Amino acid sequence: MDTTAEAVTIGIFDSGVGGLSVLRAIRALLPQHPVIYLADQAHVPYGPRSLEEVRGFAEGITRFLLRHGARVIVVACNTASAAALYHLRTMYPDVPFVGMEPAVKPAAEQTQTGRVGVLATPATFQGALYASVVERFASHVRLYQDTCPGLVEAIEAGDLNGETPRQILERALRPMLAEGIDTVVLGCTHYPFVIPLIQEITGAEVRVIDPAPAVARQTQRVLDQRGWLTPSGRVGKVRFFTSGEVERLRAQVQRLLGEREVTVEKVVWSGGEVKLMSSVTISTS
């Protein structure tokens with residue numbers, strides 16, 4: 001029986017390659033489900049943009065993913081989740097959305113020193129979602145926050161362990177370490193790709209929390225609750241879309257996920273809508 005043909009498609013989007021960390025976790029847990037991934041690289045990074053502008057991007061991308069068969073939408077971007085998750089759920093009450101919530105709750109539960117570092121974008125820190133999580137779960141701990149300016153751009157450029165990301169993270173983490181943090185929360189989906197560099201700076205005794213596995217488990221729960229969870233079978237296909245450069249995303253997927261054959265399809269923005277342009281398949285085998 002071909003279970004893949006009937007499997008529900010999962011739509012995932014981010015401003016760029018950060019959401020690939022979430023895609024990686026979802027593929028590890030739910031390989032049988034097809035995935036559509038859209039990187040809005042024409043507008044990366046989302047972090048410095050206004051919440052209203054990011055909300056508009058999220059609406060247009062959601063409409064595109066739904067038109068192309070996605071039935072579950074994973075907002076694999078902390079900034080977009082902060083700006084648009086509530087709005088999207090209101091607009092599409094019948095569509096299940098899974099968003100990114102800064103992992104402050106597990107950090108507050110696990111810290112021994114009561115001091116936690118949070119790395120996230122300005123929009124995430126300004127959003128009501130972050131404030132709500134802090135109020136509900138972290139009132140008894142001290143949080144040290146940093147927006148790591150330039151780190152998303154470095155990761156998008158493929159610089160995961162060079163001097164630029166190292167300087168950015170040293171500047172952010174050294175003062176936190178001096179205050180006695182024992183846990184670091186990654187509040188941007190790009191940041192898991194520099195966990196090895198973060199751990200070089202913090203040392204093994206500091207816990208680094210990657211939210212991607214928890215998001216994958218929540219996606220599995222949503223599928224199960226709707227009766228859409230497909231038994232293990234053939235591996236579902238992944239379609240990649242970008243509003244930026246096709247070859248750039250192909251190379252990034254190959255490097256970050258180890259994919260050998262990647263189909264990247266070009267989309268453009270027009271009047272607030274995402275429209276499909278052309279596609280290219282390149283095998284690196």
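**Notebook: sheet, helix pairs and a salt bridge**

I began with the sheet: four strands make it up, open, in the order E6-E5-E7-E8, and the pairing is parallel. Strands here (E, at least two residues) and helices (H or I, at least four) are DSSP runs numbered from the N terminus, and two strands pair if DSSP finds at least two bridges between them. Strand E6 (142–146) and strand E8 (207–209) are at the edges with a single partner strand each, so one side of each has no neighbour in the sheet. From one strand to the next, the twist averages 20 degrees.

A word on what I am reading: this is a predicted model, where local features need pLDDT of at least 70 and side-chain atom pairs count only at pLDDT 80 or more, while totals for chains, interfaces and linings use all residues. Residues are numbered from 1 along each chain as its sequence is written, and side-chain values use heavy atoms, with hydrogens and water left out.

Strand E7 (residues 183–187) is joined to E8 by three bridges, and the two run parallel. Val-184 has Val-208 in E8 as its bridge partner.

Then I turned to helix pairs. The axes of H8 (residues 163–178) and H9 (residues 195–202) come within 10 Å and cross at roughly 45 degrees; axes are lines fitted to C-alpha atoms, for helices over the stretch in contact, and angles run from 0 to 180 degrees between N-to-C directions. That makes H8 oblique to H9 (under 35 degrees is roughly parallel, over 145 roughly antiparallel, 65 to 115 roughly perpendicular, the rest oblique).

Which residues of H8 meet H9? I found Pro-165, Arg-166, Leu-169, Glu-170, Leu-173, Arg-174 and Leu-177 in H8 meeting Leu-197, Ile-198, Glu-200, Ile-201 and Thr-202 in H9, with contact meaning heavy atoms within 4.5 Å.

For comparison I opened H2 (residues 51–67) and H3 (residues 78–91), which pack at an angle of about 55 degrees with axes 8 Å apart. H2 and H3 are therefore oblique to each other. Among the residues meeting there are Val-54 and Ala-58 in H2 and Ala-83 and Leu-88 in H3.

Last, salt bridges: a side-chain nitrogen of Lys or Arg within 4 Å of a carboxyl oxygen of Asp or Glu. By this rule I count twelve. One of them I looked up: Glu-101 with Arg-136, closest N and O atoms 3.9 Å apart. This pair links distant parts of the chain, Glu-101 in the loop between strand E4 (97–98) and helix H4 (104–110) and Arg-136 in helix H6 (residues 128–137), 35 residues apart.
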